[in-house]
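Dear colleague,

Please find below the structure that I am handing over to you, followed by an account of what was found in it.

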Amino acid sequence: MANVSIRNIRKSFGSVAIIKGVDVDIDDGEFVILVGPSGCGKSTLLRMIAGLEDITDGEIRIGPRVVNDVPPKDRDIAMVFQNYALYPHMTVADNMAFSLKLKGTPQAEKTKRVQDAAASLGLLPLLDRYPRQLSGGQRQRVAMGRAIVRDPQVFLFDEPLSNLDAKLRVQMRAEIKELHQRLKTTTVYVTHDQIEAMTMADKIVVMHDGIVEQIGAPLELYDRPANRFVAGFIGSPAMNFLDGVLTDGGLRLPSGAVLSLDGQPALPAGSKATYGVRPEHLQIVPAGTPGAIPAEVAVVEPTGSDTTVIAKAEGGNLTIVVRDRVALRPGEAVALQPVARQVHLFDERGQRVAGL
Amino acid sequence: MPVSPKQARTLKHRSWVAFLVIPPIVFMSLFVVYPILSAFAYAFYEWRGLARGEFVGLANFKEVLIGPIMGPVVWNAFLHNVYALVALMIIQNGGGFFLAWLLYKEPFGFRFHRVAVFVPVVLSTIIVGFLWKLFLNPNFGIVNQALFTVGLDSLAKPWLGDASTALGALILANAWHFVGFPTLVYLAGMQRIPSEIIEAARLDGTSEWQLLKNVIWPLVAPSTTILFTLLFIGAFNWFEIPYVMVGLDGSPYGTTDVLGLVFYRTAFGNQSASIQNFGQGSALATLLFLFIVVFASMLTLWLRRREIQF
């Protein structure tokens, strides 16, 4: 096991800068998730840690060693790929034992390590099968087994669950998390799915357009997003945003309605600002309630455990999630009351405004 | 009886299928099946020039295989075909594999080389044979000229006139001519391998050689089987290059004689001895055809079993 230190990493393909100076510290045994939309550079960063991409500038350390020019095989890492990348001509056992075979590990030890890893992943009955004879979930488990057998200092996962169906994804998510809790190997995991990030990570690195937007624990990112991008990216359904102008004690919307703020924002009155409120922090109150946002119900989506309501209000649609079962009909006039102490405020540049 | 619309549609469909299928069947029957069957039938008769004589049963086959005159010639030629097959498997297909590997790694100018390596394949075999005959000319060919230039005069020899080098020279000329084909097939096979598999192998700790041996080679192996099948057919039908470069007699002293030349000489005669035996020629052609069909079919069946799914 080892810590990983990424210092001012840059990556360009020709004149196109993909990663524009990223700093991340990953502690020994930590489960860190790089999350962001497509094209944000998260997979490129992971591949740079793996040694599969050259580093244009900056420094990556695994443990005390700078690995910029160390070939992948000498970095003591193991990687699990999105499409599994199993060797199609080898059995499950051979796939898992391949790295040990290359190292010249004695047969007895090789067999023991493969058996142990297979047992921990429930792969023992599948050891003689070929990848084509396995389901997607089983293949992904073999890919993980191949990584575990190597007992590396760092595990790298590149969107490992993207090819699985929703149910299997939830199951594998729990398995990977349980695996990490058992092995305590430093793990860097890339995903574009913020639910995966929230549920699995010790620490999330939110990336966007080649830079790091915020690094923090899942709930820290959820409760105190550093900027409007993180606020909109983390959380499902996404946070609602309303643009307006700050007044003393509130935010005035273009229609003249004033939304109250709990606290004193560190921004002068008259400044343009964006009011952010999560769907579960909007309460549906009777139409005409003072201080609430007038709206009209557009869509009601019951999921069983909760209900998502999409309502038309000034400035666009607002999403509300309520735990209770509601008897609302499309077209019905309602009012939406934000929970003032749960509101976020962002300045014109999208940065979080302190004081709330 | 009235025809229902459904029956009318079926009839129309069948007429259309017949219209499409019958012409090629007639064409194939006339120009492929009939000549093959004729050749097969010719082999059972005695021939005087182009005049068919008595039915002789398997006598022609016997003469071709174990007859005192034809037998040794045929087996000598067969041996040369086997040499060519083995040598071309190594040089042409093996060389193609390594060329494909080099191109796969996308070295500087790989696009140019990718085209360059395939250009000889599209040249006419007659042109290639003539070109190599010039290259190997003992007096002014560039091979000997190059040896003279670098001071290796002792190595210069009449490549096509020397019994020890003639067959090898033909094999090399053939390999030069066709190496682009296996290269292209292997390259396509390599490019089909998902890049993650190669990356996973690199992370697993493979050296370049181990990657080639343990990952790339097994994954492109099905290409080898089809290439081997084609080479097998080509090697036993080998005719043009030997004919252009060393003539119908497989000179010097039959050291480059192959079954294609023997067949041609036997069936159609040659300039030096206008002896012609259509029956024995047909018998040889039939045996060669059966030999190729049986082995090529077996290889194809084997190939199907070895296909790899990614």
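In this predicted model, the centres of domain 1 of chain A and domain 2 of chain A, taken over C-alpha atoms, are separated by 39 Å. Five residues from domain 1 of chain A and seven residues from domain 2 of chain A make up the contact. On the side of domain 1 of chain A that touches domain 2 of chain A, two residues are nonpolar, two are polar and one is charged. By the domain assignment, domain 1 covers 4-232 and domain 2 covers 238-346 of chain A.

I turn next to the nonpolar core. The largest one holds 162 residues, of which I33(A), L156(A), V188(A) and L336(A) touch the most other members. Helix α3 (residues 70-104) of chain B gives the largest share of this core, 10 residues. Because domain 1 (4-232) and domain 2 (238-346) of chain A both give residues to this core, it lies between them. Neighbours within four places in sequence aside, L336(A) has contacts that include L282(A), I284(A), A292(A), A311(A) and L318(A).

Finally, the contact between the chains takes 18 residues from chain A and 17 residues from chain B. On the side of chain A that touches chain B, β6 (77-80) and α2 (92-103) of chain A are the elements that give two or more residues. The largest share of that side, four residues, comes from α2(A). By residue type, the side of chain A that touches chain B divides into 12 nonpolar, three polar and three charged residues.

With kind regards

Definitions and conventions: Residues numbered from 1 in each chain as written. Chains lettered and ligands numbered in written order. Predicted model: local features only at pLDDT ≥ 70, side-chain atom pairs only at ≥ 80, totals over all residues. Core = buried A, V, L, I, M, F, W, Y, C linked by C-beta atoms within 7 Å. Buried ≥ 20, exposed ≤ 12 C-beta atoms within 10 Å, placed from the backbone. Domains from an automatic or database assignment. Contact = placed C-beta atoms within 7 Å. Nonpolar A, V, L, I, M, F, W, Y, C, P; charged D, E, K, R; others polar.
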